[in-house]
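Welcome! Have the sequence and the 3D view ready, and let us walk through a few places together.

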Amino acid sequence: MKTLRKVGELLRQFTAAQPEHSVTDLSRAIGNSVSGTHDLVNGLARIGLLRKVERGRYRLGPLVATLNRALEDSSALTEAARPVLAALWRDYGETLHLTLHDHGRLLVLDALEGTQALRVSREALGSWISLHDSPPGMLHLAQFSPAQLDEYLDRHTRPGSRLEDRARLRAELDALARDGFNAGAPKDEADVICVSALIRDHIAQPVAVLVISVPRSRHEVQPRAFRNIALGAARTISERLGYELRPN
């Protein structure tokens, strides 16, 4: 199990922002010896999870793409969401994201770039953004248990950051959990508003977040309309997953 955890930590170092690593970089990132990391990397390269691009440097291998396609094709969430995303994209022409989270990172399961002349790039969201730095990420963070949240904050809190005031952050997250909705700009993208709504499964567990990524100028004209559209689409996906809305 210890080796499997090391493999998981190693593979998570490969992101869109940092797709290539040396063995030395990886050993430092996962807290492992260079020789031990070299053995792990060679083993992963032999089965196709990594590929060598030059001496001592690696990228994700072809098996990752194969597994990702299998996940997308078989995922109940993807199956439930894609028709709803397609209808939203056709009717409104805005950029759409379907997000998950993994170990403090935002994962984009699906994305459609908008068709309007002024539109948000589908690359506006990705795994390089920590959860607390984007509206959909905050919705994911709002579902963490107290222990999970404390662990996350221990890893990500820096002196002077807004994460230092944990009481205030917990109150904010509690409100987001109740609303199942959040809207705002992701880090370093002040002109983008991510209108985000929570998706639940058949046992009412949060499983994903639907995001409509809109230029700020367009969102400011009708913020309530975008909120209603996002919440309605997320509710439709949830119902397709078997979720039943209980009356108050």
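## A residue at the surface or inside?

Is Asn228 buried, exposed or partly exposed? Asn228 is partly exposed, because its relative accessible area is 47%, and buried means under 20%, exposed over 50% and partly exposed in between (1.4 Å probe, protein chains only). Asn228 sits in helix α10, a helix being a DSSP run of H or I with at least four residues, numbered from the N terminus. Its C-alpha atom is separated by 9.6 Å from that of Ala197, 31 residues apart along the chain.

## How to read the model

This is a predicted model, where local features need pLDDT of at least 70, side-chain atom pairs count only at pLDDT 80 or more, and totals for chains, interfaces and linings use all residues. Residues are numbered from 1 along each chain as its sequence is written, and side-chain values use heavy atoms, leaving out hydrogens and water.

## A buried lysine

Now look at Lys6, in helix α1 (residues 2-11). Lys6 is buried yet has no salt bridge, meaning a side-chain nitrogen of Lys or Arg within 4 Å of a carboxyl oxygen of Asp or Glu. Glu9, the nearest side chain of opposite charge, is 4.7 Å away; here Lys and Arg count as positive and Asp and Glu as negative, with His and the chain ends not counted.

Key. Helix = DSSP H or I, 4+ residues; strand = E, 2+ residues; numbered from the N terminus.
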